[in-house]
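Please read them alongside the sequence.

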Amino acid sequence: MKFPLSWLKYHLETDATLDELAKAMTMAGLEIEDIDNPAEKFADFSVAYVQEAVQHPDADRLRVCTVETKDGIKQIVCGAPNARTGMRAVFAPLGTYIPGLDFALDKKPRKIRGVESHGMMCSAKELELGEDHDGIIDLEGDWEVGTPAVTALGQDDPVIDFEVTPNRPDWLGVRGIARDLAATGIGTLKDVPVGEIEGTFDSPVTIELDWPEACPVFMGRMIRGVKNVESPDWLKKALTAIGLRPINALADITNLISYDRCRPLHVYDAAKLEGGVIRARKGRGEADTFEALDNKDYAPGESMCVIADDARCLGLGGVMGGTYSGCSEGTTDVFIESAWFDPLITRATAKATGIDSDAKYRFERGVDPESCREGIEYATRLILEICGGEASHVVIAGEAPAKPADIEFPVTEVKRLTGLDLPREEIIRILATLGFEPKGEGDVLTVGVPSWRMDCSLKADLVEEVARIHGFNHLNATSLKRLPGRFEAPATVMQLRARYARRALAGRGYSEAVTWSFAEKSQAALFGGHGEGLELDNPISSELDVMRPTALIHLLTAMQSNADRGQADAALFEVGPVYLTDAPDGQRLVATGVLPIHADRHWAGSRQPDVFDIKADVEAVLNAAGAPVASLQTVAEARDWWHPGRSGVMRLGPKNVIAEFGEIHPRVLKALDIDGRVLAFEIVLDNIPQPKKSNGLKARTPLEKAELTPVRRDFAFLVDKSVAADALIRAAKGADKAMITGVSVFDTYEGQGVPDGQVSIGLEVTLQPRDKTLTDEEIDVIAKKIVDKAIKATGGSLRG
Amino acid sequence: MTQIAQENAQAEVEALRMQISDRLESIDTLSEFQDLKVAIFGKKGELNAKLREAGRDPVKRVNYSPLLNELKLQLTQRFARKLETLESAAMDAALASETVDVTLPVRPQRQGSLHPITQVMEELAVIFADMGFAVAEGPDVEDDFHNFTALNFPEGHPARDTQDTFFMKPDAEGMRKVLRTHTSPVQIRTLLKQKPPIRIIAPGRVYRCDWDQTHTPMFHQVEGLVIDKEANMGHLKGVLLDFISAFFETDQVEARFRPHHFPFTEPSAEMDVKYERVGAGVKVGSGNQWMEILGCGMVHPNVIRNCGLDPDEYQGFAWGMGVDRLAMLKYGAPDLRDFFNSDVRWLAHYGFSPLLQANLATGLS
């Protein structure tokens, strides 16, 4: 919302400076967005007097002027045809920035065809104050040299632009702004009566309200014999200042009142009305098709409130009028509409039609329902003043909706919610200057709410009014200390898990990325598709139209983008959500990583990462995140976007899959336009079981340190290639859980000496004697158990 | 006689000493040394032969034996020194053959990093933990009740328009889930399941349908909520001033609270801080310009009531602010869109070492 300072001062008596007013607005909740202050913008430009203008000795089109300026007598070379002795012009000293030319004058005088020029005299266009560029500004009037140019030009009215919050439609009228400012004590609200015009005849047009929920009150009045002239300068200037284009007097008057009182009006050309009745009713679809003032056709349905006469729909109530019944230069009789339209219905209509208008903007926020009378009287007076004519009596249909109910307000609420200790009298004063009516003797006031403050219905609303006007700068900042008796660390297990997973991955060389939660449907389909209910109705782009089932999509494509930029070995990870269903528990926190199978050449030889590198990364993350890694089972059962022979899952029990890792299937990479091969993993941090509840003690169990030297024995087994090495290892480990402390694979071999379809796996088993050294016989017993177990579990044999 | 014999003995042993010394000196490999050592000191070695010979003759025993023993002792020491020299030379030679050019580059090591959003979220958690706040979380896919209705956004109110909401396609019953437009629904979820006193912050992803240099369809917010029986706007101001001071690591915060409007708070305010631009970043606590940093207010009585509490008994405050924006301000990243582009050059430049653990004892970053 924009308004010029002079307009505010029409309502507010104040000596405050622009800065003070701006500060008062800001601190009362009217957040300044911009102040266009010509006095500041054109501070360098001032009135100068041309003592003499003579022909330049070397240039026909130039004149050499002797100019009296605020800085003394200056010689200025000027190319304007109208430069003449005895004129008053606008002077810009050396170094001044000229907005219309978008450059600054040199700081040192320049010679123009051999004659030094010490500044410039400006045209209206150079000051961006008009289009005139034929000559320099020739000021009318006896202005003293040095007077600010904007003053001499009558352009010194600053325009203030501020944000109107949705709760304060009354700020959409300048008077509402003045009222709040008056309450802050920076001035007083002037009494600016709109006048009351007695009608001289009965309006031939009457009003009927068929849909009182949408339009409960409608006042109208006929004015006969008007001339729809061009508006007077003051009116045009006021509208231009707020960015509206003056049209004609009737249109301009309604616009003025809309911005002055937040009171939208509509004026019909009475000659176009048929049947003598105007009604507010539900739309009738196609039958009501009409052309609105935006020159588009609309067919308002029954959820919309239209204004109609007997013959046709004239417009959308509270939103936009129609071209048919609009006023033109030839209009002589007019009918003024001053009605109130329901905010929700107005808003729904505007949304459905896509129409935006000043009226709609106000009605959907809530226009003062008791302002119909003020609006119609104000309009009548201005029309009679500017356009002449004769006014009818006012016709009224319906009743204004009830104003907000009184609020029972204990004055102690102010202190309870804000800590501000204000005297009862001050609370009453603030409320009263804002237009509230505080009544009652004790500490509980009964506060009447003004009709324009439909946002106020609760005690807290009044607390806000009091605190806001008193000033939030008076709030007493009070630190909060930890609540007594709470020593538990506030971070949850899950939060710590995410934190450790991130650090483990960053520590292993992965860069953390944060990527979109949305993905493209067809790409999500490569990874099992998006979850049910997770397709967006209004995606920001068709490439981001579902919630992602995996973060792999973006990490893989980001990896390729990095490669395209010359970063071929970007290892990326993200710890973020994936979306399985639209339920509150349908989201999982997943650590996802990608690692290109790539190695830069190196003088000492380079090695490309393989599945076992990514598996090591997964185990590192799981360890960091506190997963029971030793209990996890690895099986080659990854889903179909993984390489069928180079991928696996780690799970706890048969169902709880905690991690999936391996190479991404080349088919998927191709579909995503990814070059080369990629290793990746997904670790579902939510699926890691919660640790057992501790007893609150941090002490650890005593360390058991075996004193005796461990014994190592090697075994080579021949097993079918389909047998998982993990099964063999587990079997060996299980042979004597007390004695066997480690099983490692030191060799796998297939080829000569090993039957087709089989593989030889070499295990090194570590035995840890506890109480006494093992005898050879004892070791043999354990070795036999290992062999038996392994053969039983895998169907293999001991290699001879 | 005795004297002559003695002199002869001395001359002879001296000659022997000279002779062995010369041979020792002339050696320059370990194997020659071993041979010589055996030749001199071995059981059948020259020294032992002399000693034996002297031992057999009582006269010689008197003249020769002490001299020979002394010689043996002396030679033993000299041989030991020689051995040391030879071994040292041998090691030098071996090492010389193992020389590499240490100026050659190492095998490349990836340097991982943490995203600035992670860093800032951890900073927030640390600062507020010190004031007794826990971190709460909620889902990104929300329903209308938690995102709007419970937060006192009236159905059809223009305030809903300010949120640029993403909707899911309607389900069989025509209900549309939304992507949360702010972290405020976590307030509702927390209030519905937890008894006051409550102190939480809720960081997370939020979504609005908007995309330019300072807006992305997904960004991050952190919500704060305090509910008890006495938390008032003075506490709100205190908490936020303490936060700004801790986050920007300065005592000199100059802030102002400006009235504003949010459906879910009453009274509502926005907080501005004084700042100046320094390079790509901003310095908070100096300068002459105000910058809006967050929105806040006393929790609206309707919100408290919607969560089953009595607003005349319980009260409190809430605030919300952009995490990405805090990161941009503090760490000087100019374009929000870069946060989500996964460009490893950007991640390395604006990212943080995993060794850095934000805490109040060692500083946040």
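1. Helix α8 of chain B, residues 185–193, has as its buried residues B:Pro185, B:Val186, B:Gln187, B:Ile188, B:Thr190 and B:Leu191, where buried stands for 20 or more other C-beta atoms within 10 Å of a residue's own, the C-beta atoms being placed from the backbone. These buried residues of α8(B) pack against β2 (141–142), α6 (144–147), β4 (198–207), β5 (218–228) and β10 (315–322) of chain B, contact being counted when the C-beta atoms of two residues, placed from the backbone, lie within 7 Å. Helices (H or I, at least four residues) and strands (E, at least two) are DSSP runs numbered from the N terminus.

2. On provenance, this is a predicted model, in which local features need pLDDT of at least 70 and side-chain atom pairs count only at pLDDT 80 or more, whereas totals for chains, interfaces and linings use all residues. Residues are numbered from 1 along each chain as its sequence is written, while chains are lettered from A and ligands numbered from 1 in the order in which they are written.

3. Chain B holds twelve helices and ten strands. Its radius of gyration, taken over C-alpha atoms, is 43 Å, well over the 21 Å that the globule rule gives for 365 residues, so chain B is more spread out than a compact globule; the rule itself is 2.2 Å times the number of residues to the power 0.38. Along the principal axes, the C-alpha atoms of chain B fill a box of roughly 135 × 50 × 40 Å, and buried residues make up 42% of the 365 residues.

4. Also in chain B, helix α5 (residues 116–129) packs with helix α11 (residues 323–331) at an angle of about 100 degrees, the axes being 9 Å apart; axes are lines fitted to C-alpha atoms over the stretch in contact, and angles run from 0 to 180 degrees between N-to-C directions. That makes α5(B) roughly perpendicular to α11(B), a label covering 65 to 115 degrees. The contact is made by B:Pro116, B:Ile117, B:Val120 and B:Met121 of α5(B), together with B:Val323, B:Asp324, B:Leu326, B:Ala327 and B:Tyr331 of α11(B).

5. In chain A, five strands form an open sheet of mixed pairing in the order β15-β18-β21-β22-β23, two strands being paired if DSSP finds at least two bridges between them. At the edges stand β15 (206–209) and β23 (320–321) of chain A, each with a single partner strand, so one side of each is left without a neighbour in the sheet. Within this sheet, β18 (residues 277–282) and β21 (residues 305–308) of chain A pair in the antiparallel sense over four bridges, and A:Arg279 has A:Ala308 as its bridge partner in β21(A).

6. Strand β41 (residues 758–767) of chain A is joined by ten bridges to β39 (residues 711–720) of chain A, the two running antiparallel, with A:Val759 in β41(A) as the bridge partner of A:Val719. Strand β40 (residues 740–749) of chain A also pairs with β41(A) in the antiparallel sense, over eight bridges, and A:Gly742 stands opposite A:Thr766 in β41(A).

7. A further open sheet in chain A has three strands in the order β27-β29-β28, with antiparallel pairing. Three bridges join β28(A) to β29 (residues 444–448) of chain A, and A:Pro438 has A:Val447 as its bridge partner in β29(A).

Methods:
Angles under 35 degrees count as roughly parallel, over 145 as roughly antiparallel, 65 to 115 as roughly perpendicular and the rest as oblique. A residue is buried if 20 or more other C-beta atoms lie within 10 Å of its own, exposed if 12 or fewer, and partly exposed in between; C-beta atoms are placed from the backbone.
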